[in-house]
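Try each task yourself before you read its solution.

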Amino acid sequence: MKKIIFMAFTALLFAACNSDDDNVQSEYIPAAFAKGIFITNEGPFNNGSGNITYISEDYSTVAQNIYRNVNGTELGNIVQSMGFNDDNAYIVVSNSQKIVIANRYTFQSVDSIKTDLNNPRYFVSIGGNKGYVSNWGDPNDNADDYLAVVDLRTNTVSSTIPVAFGPERMVTYNNKIYVAHQGAYGQNNLISVISGTSVENTITVGDVPNSMVVSGSTLYVLCGGNPSYTGTETAGSLVKIDLSIGQVTQTYSLGTTQHPSSLTMDGTNLFYNLDGKVYKVNTASISLPGTDIISGNFYTLQAKDGKLYAADAKDFASKGSLVIYDLSTNQQIQDYQTGIVPGGIYFNE
Amino acid sequence: MKQNWLHIVFIFFLCTASAYAQLDSIQHLPEVMLTDSKLVHFSKGFKLEKLSDSLVKRNATSLTETLRYNTSIYFKENGFGMVSSPSFRGTNAAQTAVVWNGININSVFTGQTDFNTISPLNYNEISIRSGGGGVQYGSGAVGGSIHLNNTYSFKKIDTTEVGLRYGSFSTVGGNASTTQTWGDHYLNIGVDFISSENDYDYVGKEQRNNHGQFVRFAAKVNEARKLKRGVATWNSEYTYNDRNFSGSLNTKGKDAYKDITTRNLWQLQQKVGVFNTKGSVAHLFEQYNYFPESENPFNTGGKANTFIGAFQSEVLLQKKIRINGKLEYTYVKAEGDNVGDNSRKTLAAVLLMNYKLSEKFNYGINFRQEFLNDFDNPFLFSADAKYSVSKNYALRINGSKNYRVPTFNDLYWYAGGNIDLKPETSYQVELGQEVSVGKLKVDVAAYYISSEDLIKWIPGNGGLWQPVNISKTRNYGIEAVLGYFLKLNNKQSLDFNANYSYTKAEDLEKEKQLIYVPFHKTSSTIEYNFKHFSFYIQGLFNGEAYTATDNSESVASYTIFNLGAQYTLPFNPNITFGGRLKNVFNVYYENVAYRPMPSRSIQIFLNFNI
């Protein structure tokens, strides 16, 4: 009998031994993060932390989880996006309700903004000492959405600007901020034009404006259209706005059941994602959908200097990848593992 | 370390042996009758464990606690007292059926039961049936089923119990119940509640669980009346839960959840000739409201009514062959902010047969066919056998086909619900060995489950998540239960119980372990009794569990210990008082990644048995 009890205990001990299995490897930290690609990884949705992957411009260095490896602390839950100003990177951590500020070259922590943000989404800076953060507020309240204006000298929110429901991505042009109202968990169809601390104008575009690029004085807005489950499905579209007059000059529509996303631009070509394919459209003679050049379901796209950077979030519950294509051949040239749910691609210069 | 589990398994096989974990005090009561007799008569070749009253009382906070420390079921708990879902043999939460007096009570919306919303004190028998029970218990009984039963008896009973509990984190609880019999009547009524600030500190993190308050209230009425040739019974219960949901290490808790359930079951048993017949009618009601901001009245919710009418007839031929036929009609009507207004009708025909070939050999064959559903209704079957090789050693084997129907959320959720889903199906086999030598009982079971068409929500075009019948899994593993009782002398005794499980649950497409299924789990209790005093140590080892589907991230393993002691004043009415120190070594541990579990805490209780 004693033997059996002994053995049962032995079993317990053996099992307990497994807990020592942590094979923590010290991860490689590059000396500097200049010239390269940052990928913001949202991280697992409910329980966990997002992080940032760095890939050097010459592809010789790949580093995961760089913020934690430099600073010893995690970024937080849902690393939504990042923006830059001077030497700083502003990392928007939406579910943790904060912006983490780090030096963009060393990734050493500089500061953070934790107050006056409510479901922050994106950050842009303007004029050197002012930043704008789009905020959903309570996602169930369509009337409390706002932009937080950040004084970048003190890293505090100096004022807030109430805006229409669902502000998301922003671009700057000529000292103005153009905010796409994608519509949070719902749908909206506006671009707000912000000047200083007020809404100067709103421009109606197609439903669900989800991505934008500025080229010269032209703003291209890609609108996903209302999805079918809304019961009022609308076609995706590409809207061209002349920023010098603040008006829509042309709208190109897709089919009613086509819902594009992730507009990006390189040279005179626009690229976007639609139904598992990447399409290319020349701005000189726009006709949708354009030519499909690459197959793949990507969570986000960025084109730059003849290359297309495409983030694959896979099942959203495991490590994703960044695939790089040569746009002259449309062939894949690199494939790197990222963190969980790679949602943003940025270039550090 | 990889070989370790092999060692363990090997050792367990060598010292082969079932501990129906503890001897049940209920068993000593005379002529106790179950409202769900299928559980006993048609599960011979299945592993059936019964939790004793004392075990339940010791872990009375929630059904999660009760089962976590005493079975091999793994619980994924979103912080203490928050949503808690089981994984039984590596299957998911919707593949574990919770059966109340014979009725499957998994939620119409989620297909699962939140084990923290159930008061373990509402039942006088909690049993765990491992393995497929789809034929008997319908959808979701894949990994196993948890049976919450209210028994009755017509012997003279007059007992009243009152319990008070108090503990760390401003936790207050109380229960009162009375059981009376007179003439042909049996009546049991009771209430219990627990309320907690639940503001435990995250060990070593300088953070607190600031938004995890919970309240649970439960009430029950169980009545039985002896008739001329039968019995009429009524079981009824009500539960109310109001919880703020905890945040995580890096997010603030903001949301809250309230739910109400009522369950009523009326049964009439009559002996007609050689037939034991039973007609039953049941009504289940569930309602939930989810508050994205706990301070804000805005919420989304749903409610469902389930009506069940069943008729069954059982006959025992030549004292050897027991045959039970059953027809069950279920009508579910549900409405919710996200699922619209929908209903489902199901007619199930069940045929159960058990043949006692000899004192030593017993086998059973069971079938179920459903009708009326919109989707393809699989034909379910199971077969089981038990062979007592000797007085000390028995073998059991069973195999079954089981299924899980899509839930209302899967079918109708706005947006994403997919009405083209079909049921998940799974096949399984199990081989078990039971050894009983004196006061030593060992049970070792090995199982294999193959599931397909598993419903999984995946992102589609345009970022819309939709459920599809996509994944295939293969689970296999070993469970060992050991129980040993050692009488030291007339006054002193030792009682040892342990559970170990090795679980391999693999996504066949990715060839990776499923998330939140630890390979190893061990729990054990050593209890020392000295006359009216008892002292125990409870230990739990929960192995590392992956949290990412490519197994690139995981939540660390943990080992925690609890100590408890109690003393019963040997007078009438008797009074028992005692306490429990939980997480003795103040270990930081997470059950779900980034969601810390409580620091060291203490609970004391006082029970009056009148």
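**Exercise 1. Find the side chain of chain B that makes a polar contact with the side chain of Asn47(A), and decide whether Asn47(A) is buried or exposed.**

Step 1. Go to the side chain of Asn47(A): its polar contact is with the side chain of Arg595(B), at 2.4 Å. Keep in mind that you're looking at a predicted model.

Step 2. Now place Asn47(A) in its chain. It sits in the loop that runs between strand S1 (36-41) and strand S2 (51-56) of chain A.

Step 3. Look around Asn47(A), skipping residues up to four places away in sequence. It touches Asn77(A) from chain A, plus Asn78(B), Tyr516(B), Val592(B), Ala593(B), Tyr594(B) and Arg595(B) from chain B.

Step 4. Check the accessibility. Buried means under 20% relative accessible area. Asn47(A) is at 15%, so it counts as buried.

**Exercise 2. Work out the strand order of the open four-stranded sheet in chain A, and say which strands are at its edges.**

Step 1. Trace the pairing across the sheet: the order is S16-S17-S18-S19, and the pairing is antiparallel.

Step 2. Look for strands that pair on one side only. Those are strand S16 (209-215) and strand S19 (247-253) of chain A, the edge strands.

Step 3. Going from one strand to the next, the twist averages 20°.

Step 4. Zoom in on S17 (residues 218-223) and S18 (residues 237-242) of chain A, which run antiparallel and are joined by six bridges. Within this pair, Val221(A) has Val239(A) of S18(A) opposite.

**Exercise 3. Describe how the side chains of strand S22 of chain B alternate, then find the strands S22(B) pairs with.**

Step 1. Walk along residues 361-371 of chain B. Asn362(B), Gly364(B), Asn366(B), Arg368(B) and Glu370(B) point to one face and are buried.

Step 2. Turn to the other face.

Step 3. Take strand S21 (residues 340-356) of chain B: it pairs antiparallel with S22(B) over ten bridges. A hairpin of four residues links S21(B) to S22(B), and Leu347(B) has Phe371(B) as its bridge partner.

Step 4. Then take strand S23 (residues 379-388) of chain B, which pairs with S22(B) over nine bridges, again antiparallel. Here Phe361(B) stands opposite Tyr387(B).

**Exercise 4. Decide whether Tyr558(B) is buried or exposed, and list what it touches.**

Step 1. Locate Tyr558(B) in strand S34 (residues 558-569) of chain B.

Step 2. Its relative accessibility is 5%, so Tyr558(B) counts as buried.

Step 3. Beyond residues up to four places away in sequence, Tyr558(B) touches Leu540(B), Phe541(B), Asn542(B), Tyr589(B), Glu590(B) and Asn591(B). With Asn591(B) there's a side-chain polar contact of 3.1 Å.

Step 4. Compare sequence and space: Glu590(B) is 32 residues from Tyr558(B) along the chain, yet their C-alpha atoms are separated by 8.0 Å.

**Exercise 5. Find where confidence is lowest and where it is highest in chain B.**

Step 1. Helix H2 (residues 25-28) of chain B is lowest, with a mean of 33, while strand S15 (residues 214-226) of chain B is highest, at 96.

Step 2. Over residues 1-30 of chain B the pLDDT is below 50.

Terms used
Residues numbered from 1 in each chain as written. Chains lettered and ligands numbered in written order. Predicted model: local features only at pLDDT ≥ 70, side-chain atom pairs only at ≥ 80, totals over all residues. Heavy atoms only, no water. Pairing = 2+ DSSP bridges. Helix = DSSP H or I, 4+ residues; strand = E, 2+ residues; numbered from the N terminus. Axes fitted to C-alpha atoms, helices over the stretch in contact; angles between N-to-C directions. pLDDT = per-residue confidence, 0-100. Contact = heavy atoms within 4.5 Å. Buried < 20%, exposed > 50% of the residue type's maximum accessible area, 1.4 Å probe, protein only. Polar contact = N/O pair within 3.5 Å; in protein donor to acceptor, adjacent residues only side chain to side chain.
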